[in-house]
Amino acid sequence: MMTNGFRYLCALALLAFVVGCDSKKPDGTTTAPKQVEEFVAGSSASEFTAALTADPETMDPAKMSGAVEGEIAMNLFEGLLMPGPTTEGLADTSKLLNFGVAESYTTSEDGRTYTFKLRSDAKWTNGDPVTSEDFAFSWRRVLTNGFPADYASMMWVIDGAEAYNKAPAGEGDWETVGVKTPDAQTLIVTLVNPTPYFPELTAFYTFFPVPKKAVEEKGDEWTKPENIVSNGPYRLASYQPQQEIKFELNEHYWDKAAVNLKSIRFRIISDSNARVNAYKTGELHWAGSGLPVAQITALLTHPDFKQEPLLGTYYYRVNVSKQDSPTTNALVRQALSLAIDRNSLVNNTLNGLYKPAESFVPPMPGYESTTKTAYNIKRAKDLLAEAGYPNGKDFPAVELLYNTDENHKLVAETVQAMWKQNLNVDVKLNNKEWKTYLQDVDTMAYQIARAGWIGDFNDPMTFLDMWTAENGNNDTGWADAEYDGLIKSAQQEVDKTKRVAILQQAETILLERGPIIPIYYYSSNLLISRFVKGFEPHNRDVHLFKYMSLPSK
Amino acid sequence: MTRFILRRLLASIAVLLVIITLSLWLTRQAPSNPCLKEREANTCACVKDNFLDRPVFPVYSGQVLSPVQNCAFWEPESVVSLGPVSILGPSEWGETQYSLYLGTLASGSLGKSMKTDLTVIETLKSGLPFTIQLGFQALLISLILGIPAGLIAGLRQNTMVDYSTMSVAMVGVSVPSIVLGPLMIMLFSLRLGWFSAVGWESFADSILPSFTLGLYYAAYVARLTRGGMLEVIRKDYIRTARAKGLTETMVVMRHALKGALLPVVSYLGPATAALLTGSVVVEEIFSLPGIGTHFVRSALNRDYNLVLGTIILYSTILVFLNMIVDVLYTLIDPRVSYDD
């Protein structure tokens, strides 16, 4: 470490260099330049330090919906079940989860009733026990009409929850909702349909418990650092907006013996280049995801670089509601999809940072798509001719909308060139700022729009039910009675093998005549110190600090 | 003087009110709204929470908001329609977004951020000290570097010293901080390892950003000082001073300097304002916890309350700094007087 005085001298040297009123040249030879390649992650951090890409919008798990917020909630709070350390190489979805507040659960024969037994030693940071009543209170809060819970609709799988959520505040009858608490350690949940992914939902932050007492006492202020009470491995020690968040071990946590990292520090660094810089100067152990492509490309061979498959798909959404647009024709959509060389796009344009999309639902434990995308120019041309545009003749110019971003631009330009070259079809590119883009998509004021979807749980349903006619995320005007019927019967199917077969059938329809053109599967390209143990690939980018350790050197 | 200050204060408040009204209207003109998310989220609750279902002013045209599924929104009880224009009944003028916002201001609050759980005041309060310190350090740097450089160049007009100083100053004025900042980080943080690359945890962390922000103004100050010096040094009273037999140092320090610095002083007001409000880029590059970042992000997020809060804060600073400079003027230059 240098003294401040010396730093001043250095600053003065800089000044002489820049202003040039001094004839003395800056002397850079006395200090041997520290090579960038030699950096050791976290070498100048006093405790385990991770980067957050933004300030959390909220610390209330009931309200949140973003990745940053999720990172906070997953470590401060604990659901009935919790995500396990990894999703790699698992064929059985039950291995995805570990027990959290629940120590066991049973499922009824029809798959509609789950009975959770809560462990008696689960405690809040203030020492109070976590009871089934806390869960019922929290879920009821999420489902209260007018409560700003972004993911309230995720709870609609519970019997009576949708009606309760939609009934004006005070008019719904909580007794009709399938959440029962016969005693403090038992929670019985009745679902609308057999929902095989319900256990994973309980490991999602919207389903996490919030402390009834604290919420009732403090209202919206309960998440302030001085008020917050949580039940996870960590407690919130401090929060300075735009600077840092500190976690410390929750002394009342039932499994605290298993927690290795006793304190965590988050640095809030929104600029992605700044994040890489901070990593290189040793201020971070984990640089988070969303790093700039240019910087990452230079670090591909670095031992700290990790690429993990993500449960997400980058795709083009096609508006089928516009009568004058050629894209209303399923043959045209099919042709456009067939004319994209995804391998070349991913490997040449995107430096291999992602995986070419072979379907809309990315591979996940327990599901594999049966229909695959293909690159077939001949067939694409045939289909286009069949649609009435032989060799692109008379094909009206189509507009491709994307939100302003270097990466999206690269992809759009490449696809534009492929469509021109392979189909002789002209596409105009149109980029808009994020919120304007969102509005255009929401009001369907577009023809083709870039989109991305990250699954919320390891079940194809999170990718497929959004394309039913009445789903709020559809935004394409696409409605297919056969597809909707398949989704509905999959929701009601008890037999898991049959259910998967139905979903595969639905996805085939989606790929053949649906409003989408898959481009690539997301992956998380990240930098984490190679000395950190217990950081394993997770397809939803959920990495609990509970599983990690940092052996002291 | 007191009357002048009072008059200026009243005028400033009127100016602020106009700024608030205009900005409030402008924020609502931007396409999209704060509640729109990539995924279908609980839009109803968000819209109602933020009163986005109300008209902005009592007189409005078209629909207030495109309908959202299953939401019961605020409905005016009495409304007169004149063609495309609708006018609210006077009893409901208090229900418009504008009057609700003025009510919030009157209660001494700037409202709640529409994106985060923090209030606007909490958000700005945590960042303001950093932005102020950064601004003043940059100002100090610009003066400490700019004035001597300008003086030397002015006194040695058309020599190598003058040319080299002014060339560097020209470069300083031309290189934007978005280029200078990353260069500084590359050299002093990544290559030499003297400073940390991001954040503001100790005083040392503020050095690189202060220089990045201050060098442009240093160059500008140097050019101003040189110009002032060239003008003054040919004045009769300087010739008189020399004729009296004063040493050259005495002539410069005692007589020339004061006149030469007048343009710099009048530049100080706008410069301070620009330094305080212009740190957006530097804050972003160095990931500093200032308020400049909010200025940009809140607009991108359509966080109406935070946009307005930031605008109110900045315009208050600007209006009052300008007033202070006007007052200072009378102290430096006795020819200026504001009394009738």
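1. An open sheet in chain A consists of four strands in the order β1-β10-β9-β8, with mixed pairing; strands here are DSSP runs of E of at least two residues, and helices are runs of H or I of at least four, numbered from the N terminus. Two strands count as paired if DSSP finds at least two bridges between them. The edge strands of chain A's sheet are β1 (48–52) and β8 (234–240), each of which pairs on one side only. From one strand to the next, the twist averages 20 degrees; axes are lines fitted to C-alpha atoms, for helices over the stretch in contact, and angles between N-to-C directions run from 0 to 180 degrees.

2. The model is predicted: local features need pLDDT of at least 70 and side-chain atom pairs count only at pLDDT 80 or more, while totals for chains, interfaces and linings use all residues. Residues are numbered from 1 along each chain as its sequence is written, and chains are lettered from A and ligands numbered from 1 in the order in which they are written.

3. Within the sheet of chain A, β8(A) runs antiparallel to β9 (residues 244–249) and is joined to that strand by six bridges. A:R235 has A:E248 in β9(A) as its bridge partner. Helix α2 (residues 67–76) of chain A lies across β1, β8 and β9 of chain A, at about 140 degrees to β8(A).

4. Helix α9 (residues 330–338) of chain A is mostly covered, with seven of its nine residues buried (20 or more other C-beta atoms within 10 Å of the residue's own; exposed means 12 or fewer, partly exposed in between, with C-beta atoms placed from the backbone). Among the buried residues are A:R333 and A:Q334. The cover includes β11 (305–318), α12 (406–423) and β16 (516–527) of chain A.

5. In chain B, by contrast, helix α8 (residues 236–243) lies largely in the open, because the number buried among its eight residues is zero. Just after α8(B), B:G245 takes a positive phi of about 95 degrees.

6. Chain B also contains an open antiparallel sheet of three strands, ordered β1-β3-β2. β1(B) and β3 (residues 85–88) of chain B pair over three bridges, and B:Y60 has B:S86 in β3(B) as its bridge partner.

7. The contact between the chains takes 52 residues from chain B and 51 residues from chain A, contact meaning C-beta atoms, placed from the backbone, within 7 Å. On the side of chain B that touches chain A, α4(B) gives the most, with six residues.

Technical notes: Contact = placed C-beta atoms within 7 Å.
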